[in-house]
Amino acid sequence: MNISQARRFLGMCDRILVITGAGISSESGIPTFRGAGERWRDRHVSELATPAAFEEDPRLIWDWYSYRREIVARSEPNAAHIALANWAKGRTGVTLVTQNVDGLHERAGHPEVAHIHGSLWHNRCTECDKEREDLALLYPELPRSPCCGALERPAIVWFGERLPAKTREQALAAAMDAEAIVTIGTSGKVATAASLVRIGKLRHAEIFDVNPEHSCIEANSRFAGLAGEIIPQLLAA
Ligand code: APR
């Protein structure tokens, strides 16, 4: 389908799953994981975003998250976040699942966001798993849980960790049920987006992928371009 056909098709669907990845935030100035954000202080993201790396050197990992928090705090939602939020506000039956932890969908006014990889702005106690919002940018002292004083970690799903059960169930249900799935700015190299698409496809959902590069998403239609240009056309409110 071309963009106009896809827009009309989506307009007729009652249940749509939208999955966003790092690419939707790249026009806001946030580096993608398999691009400019792939390395920090000469380490690969796959070495940093692991429970083992945190156990070995929590200061290093919190410094990396401070660096990322500072970038996101300076960023604004872009045309893609805004068009998607306005479109979703005007209809029912849309589920948004994001791999992004930056919170830009909420800042664009998106009504409901399923954060399948966690949030940059939440910490989790390493002892009792209690989570809390924390908007700090710098950590002169490593953050400690107000409940028991134990060290906190970023409330993010790292490599090798399980997805949060409730969000995972919600995403799976939406994928099983969707008439259409729209993926935006994901390489499809992380299992989360790729497996949801595979499930949707088995259930005969139509798959649309928005990405300037060829992704691993098994799409029926690909829109090769920047999300900030394509999404306002595809999801005209
Ligand atoms: N519009 C649309 N897509 C874009 C844009 C843009 N302006 N800029 C870049 N992209 C695409 C890239 O071509 C790439 O395919 O976004 C994709 C970003 O890929 P990744 O960085 O792999 O992001 P994602 O698929 O979301 O995987 C990131 O990996 O490290 C883990 O859990 C972490 O959530 C994170 C996940």
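The protein chain is divided into domain 1 (1-30 + 77-117 + 163-237) and domain 2 (31-74 + 118-156), with bounds that come from an automatic or database domain assignment. This is a predicted model, in which local features need pLDDT of at least 70, side-chain atom pairs count only at pLDDT 80 or more, and totals for chains, interfaces and linings use all residues. Residues are numbered from 1 along each chain as its sequence is written, and side-chain values use heavy atoms, with hydrogens and water left out.

**Domains**

- The centres of domain 1 and domain 2, taken over C-alpha atoms, are separated by 26 Å.
- Domain 1 gives 15 residues to the contact and domain 2 gives 13 residues, where contact means heavy atoms within 4.5 Å.

**Nonpolar cores**

- A nonpolar core is a set of buried Ala, Val, Leu, Ile, Met, Phe, Trp, Tyr and Cys residues joined through side-chain atoms within 4.5 Å.
- Buried means under 20% relative accessible area, exposed means over 50%, and partly exposed lies in between (1.4 Å probe, protein chains only).
- The largest nonpolar core has 25 residues, and Leu-84, Ile-184, Ile-231 and Leu-234 have the most contacts inside it.
- At least two residues of this core come from each of α1 (3-12), β1 (16-20), α5 (79-89), β9 (180-184), β10 (206-210) and α9 (227-234).
- Helices (H or I, at least four residues) and strands (E, at least two) are DSSP runs, numbered from the N terminus.
- Helix α5 supplies the largest share of this core, five residues.
- Not counting residues up to four places away in sequence, Ile-184 touches Val-18, Ile-19, Thr-20, Gly-21, Ile-24, Leu-84, Val-210, Ala-227 and Ile-231.
- A second, separate core has 22 residues, including Ile-30, Val-45, Ile-71 and Tyr-139.

**Ligand**

- There are 21 residues around the ligand, each with a heavy atom within 4 Å of it.
- Glu-27, Phe-33, Arg-34, Thr-186 and Ser-187 come nearest.
- A nitrogen atom of the ligand is 2.9 Å from an N or O atom in the Ser-26 side chain.
- An oxygen atom of the ligand is 2.7 Å from a polar backbone atom of Phe-33.
- A polar backbone atom of Ala-227 is 2.9 Å from a nitrogen atom of the ligand.
- On its own the ligand has 740 Å² of accessible area, and the protein covers 90% of that; such areas come from the Shrake-Rupley method with a 1.4 Å probe, and for residues only the protein chains shown count as cover.

**Arg-34**

- Arg-34, one of the residues nearest the ligand, is placed in the loop between β1 and β2 (39-40).
- Its relative accessibility is 39%, so Arg-34 counts as partly exposed.
- Apart from neighbours within four places in sequence, Arg-34 is in contact with Phe-159, Ser-187, Lys-189 and Val-190.
- Arg-34 and Gly-118 are 84 residues apart in sequence, and their C-alpha atoms are 19 Å apart in space.

**Gly-228**

- Gly-228 is found in helix α9.
- Gly-228 counts as buried because its relative accessibility is 14%.
- Leaving aside neighbours within four places in sequence, Gly-228 is in contact with Glu-27, Ala-79 and Ala-80.
- Gly-228 and Ile-82 are 146 residues apart along the chain, with 9.1 Å between their C-alpha atoms.

**Ser-145**

- Ser-145 lies in the loop between β7 (131-133) and β8 (152-156).
- With a relative accessible area of 5%, Ser-145 is buried.
- Ser-145 touches Cys-125, Ala-150 and Glu-152, not counting residues up to four places away in sequence.

Definitions and conventions
A polar contact is a pair of N or O atoms within 3.5 Å; within protein, one must be able to donate a hydrogen and the other to accept it, and residues adjacent in sequence count only if both atoms are side-chain atoms.
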